Amino acid sequence: QDEKEKLTWSDRIPGYAANFGLILFMIMLTFSAVFGVIVYRITTAAALSFSTNETTRSNVRATVTATAVIINLVVILVLDEIYGAVAKWLTEIEVPKTEKTFEERLILKAFLLKFVNSYAPIFYVAFFKGRFVGRPGHYVYLFDGYRMEECAPGGCLMELCIQLSIIMLGKQLIQNNLFEIGIPKLKKLFRKLKDERTEPKEIDTNQSKDPQQWDLDYILEPFTGLAPEYMEMIIQFGFVTLFVASFPLAPLFALLNNIIEVRLDAKKFVTELRRPDTVRAKDIGIWYNILSGIGKLSVIINAFVIAVTSDFVPRLMYQYAYSQNGTMHGFINHTLSYFNVSHLKAGTQPENSPFAQDVLFCRFKDYREPPWSQNQYEFSKQYWAVLSARLAFVILFQNLVMSLSVLVDWMIPDIPKDISEQIKKEKSVLVDFFLKEEHEKLKLIESFIAHDKQKHKSGTKGGRIRAASSCQFNRSQKGSLASFSSQHTEV
């Protein structure tokens with residue numbers, strides 16, 4: 001029992017393997033949920049298109065988008081709770097050495113899972129939706145019967161705005177506000193009922209009817225740490241920064257939510273939770289690194305949102321490179337390609353046409369060669385020019401914003417000037433105090449040394465006087481050696 005056991009790599013490998021496998025499984029589960037919502041959108045859009053109601057057919061896109069976003073929100077809320085419990089269990093089977101290491105690993109796992117869970121649907125709409133649909137005559141089909149969904153004619157930026165706003169506001173209203181007060185109340189009620197069942201109170205006539213303060217404190221929910229509070233703010237910070245180009249009102253809604261959140265947290269910490277133990281902390285720890293990483297990632301993502309999702313770069317390219325008069329007149333016609341309807345595969349032609357005459361060519365949004373070209377339906381030169389401009393914009397935007405952030409960081413110090421001057425004054429006062437103390441100690445030591453020297457000198461002088469008197473005494477005595485010895489012995 002006195003021997004200390006130490007876990008080796010062979011002991012930790014099963015825990016690490018379980019962590020890697022389960023985290024990968026959870027990420028794939030999130031992607032599967034997103035794919036399930038995609039299938040729902042495709043099948044629902046196809047089903048509503050065959051409706052006999054004209055209003056239903058005209059509002060297919062709005063109906064599918066709104067219901068799909070609500071489903072995404074519900075899935076995100078459910079998986080968030082599951083991922084929090086799974087991350088804690090995975091960290092426990094790793095058996096970290098210290099409490100700090102345990103907390104950091106738990107935060108990293110929970111943040112990774114919740115990051116993927118919260119932003120996967122938004123990433124899909126921003127960068128993947130409408131990119132793999134193919135072209136007329138060569139569409140990409142899902143389950144051999146359903147075409148991959150496309151963006152609206154104006155692009156996916158508006159749908160991205162709707163997706164981001166509903167998910168962000170839904171998480172803030174339901175998870176950050178309603179759950180903030182509701183869950184602690186339910187847990188407290190459950191613990192109270194459980195205690196009443198397991199420990200029936202004996203009737204004491206002498207006991208006061210009013211409960212004591214320690215009884216009221218014991219009923220409260222135990223404090224579990226600040227990690228959930230930090231996680232809420234980090235996820236909200238991601239919503240505000242990562243896709244702010246598509247939803248500029250996100251910072252305003254975040255500010256309004258935080259004003260409410262402050263009061264709800266105050267009520268929760270005072271009336272719903274037990275008093276936490278005070279722990280000294282140097283800084284916010286690993287959360288600072290996560291915030292810094294999200295800040296750098298947001299610059300890149302916003303650059304791609306502006307360049308790829310929106311029509312900002314194609315409009316600039318048309319205005320300054322292809323327009324004859326330097327205006328946007330003719331931009332829509334420039335972005336549309338031609339397709340010969342006779343090239344449609346058998347069985348995919350429209351059954352009826354709303355036009356009175358036969359249509360030979362149709363137009364679709366893409367940069368492709370016309371059917372009368374040698375390389376028909378291949379990507380045109382305009383496509384590669386616009387793609388190069390988009391990538392150049394991403395590189396320029398990223399370097400410009402990073403340079404500005406470094407400049408602002410250099411111009412605005414971490415500590416204000418008045419506070420730094422006050423810190424210098426406090427340090428100088430502290431140094432003067434220590435110097436004064438050391439000077440007083442030095443004076444005290446010098447006084448002791450001087451006193452010892454004076455005492456030593458006085459002792460030496462007294463010895464000389466006694467020696468001189470002894471010599472005079474010996475000269476005055478002319479007696480014999482025996483008498484002197486006997487006298488000396490008597491003395």
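A residue counts as buried when its relative accessible area is under 20%, as exposed when it is over 50%, and as partly exposed in between, with a 1.4 Å probe and protein chains only. With that in hand, let us walk through the structure. This is a predicted model, in which local features need pLDDT of at least 70 and side-chain atom pairs count only at pLDDT 80 or more, while totals for chains, interfaces and linings use all residues. Residues are numbered from 1 along each chain as its sequence is written, and side-chain values use heavy atoms, leaving out hydrogens and water.

The protein is divided into domain 1 (9-194 + 221-309), domain 2 (313-346 + 360-411) and domain 3 (416-445), with bounds that come from an automatic or database domain assignment. Taken over C-alpha atoms, the centres of domain 1 and domain 2 are separated by 32 Å. Where these two touch, 15 residues come from domain 1 and 16 residues from domain 2; contact here means heavy atoms within 4.5 Å.

Now turn to the helices. Helices (H or I, at least four residues) and strands (E, at least two) are DSSP runs, numbered from the N terminus. Axes are lines fitted to C-alpha atoms, for helices over the stretch in contact, and angles run from 0 to 180 degrees between N-to-C directions. Angles under 35 degrees count as roughly parallel, over 145 as roughly antiparallel, 65 to 115 as roughly perpendicular and the rest as oblique.

With helix α5 (residues 157-198) it makes an angle of about 170°, the axes lying 9 Å apart, and so α4 and α5 are roughly antiparallel to each other. On the α4 side, the residues are Ser118, Pro121, Ile122, Val125 and Ala126, and they meet Glu159, Leu160, Gln163, Leu164, Ile167 and Lys171 of α5. By class, this contact of α4 with α5 holds 7 nonpolar, 2 polar and 2 charged residues. For these classes, Ala, Val, Leu, Ile, Met, Phe, Trp, Tyr, Cys and Pro count as nonpolar, Asp, Glu, Lys and Arg as charged, and the others, Gly among them, as polar.

The other partner is helix α9 (residues 286-309), whose axis comes within 13 Å of that of α4 and crosses it at roughly 10°. The two helices, α4 and α9, are therefore roughly parallel to each other. From α4, the contact draws on residues including Phe111, Phe115, Phe123 and Phe127, and from α9 on residues including Trp287, Ile290, Leu297 and Phe304. The contact of α4 with α9 divides into 15 nonpolar, 1 polar and 1 charged residues.

Next come the charged pairs. A salt bridge is a side-chain nitrogen of Lys or Arg within 4 Å of a carboxyl oxygen of Asp or Glu, and a search of the whole structure finds 12 of them. One joins the side chains of Glu149 and Lys129 (3.8 Å, N to O). This pair links distant parts of the chain, 20 residues apart: Glu149 is in the loop between β4 (146-147) and α5, and Lys129 is in the loop between α4 and β1 (134-135). Glu149 is buried, with a relative accessible area of 12%, and Lys129 is buried too, at 2%. Both belong to a network of salt bridges that links Arg41, Lys129, Glu149 and Glu159.

Arg147 and Glu150 form another salt bridge (2.2 Å, N to O). Here Arg147 is partly exposed at 34% relative accessible area, and Glu150 counts as partly exposed because its relative accessibility is 33%. A further salt bridge joins Lys268 and Glu229 (2.3 Å, N to O). That pair also links distant parts of the chain, with Lys268 in helix α8 (residues 250-272) and Glu229 in helix α7 (residues 227-242), 39 residues apart. Lys268 and Glu229 are both buried.

Finally, a few single residues deserve a visit. Asn19 sits in helix α1 (residues 9-49) and is buried, with a relative accessible area of 3%. Leaving aside neighbours within four places in sequence, Asn19 is in contact with Leu90, Thr91, Ile93, Glu94 and Lys109.

Val95, in the loop between α3 (60-94) and α4, has a positive phi of about 55° although it is not a glycine. Val95 is partly exposed, at 42% relative accessibility. Tyr377, which lies in the loop between β6 (361-365) and α12 (381-411), has a positive phi of about 65° and is not a glycine either. Tyr377 is buried, with a relative accessible area of 6%.
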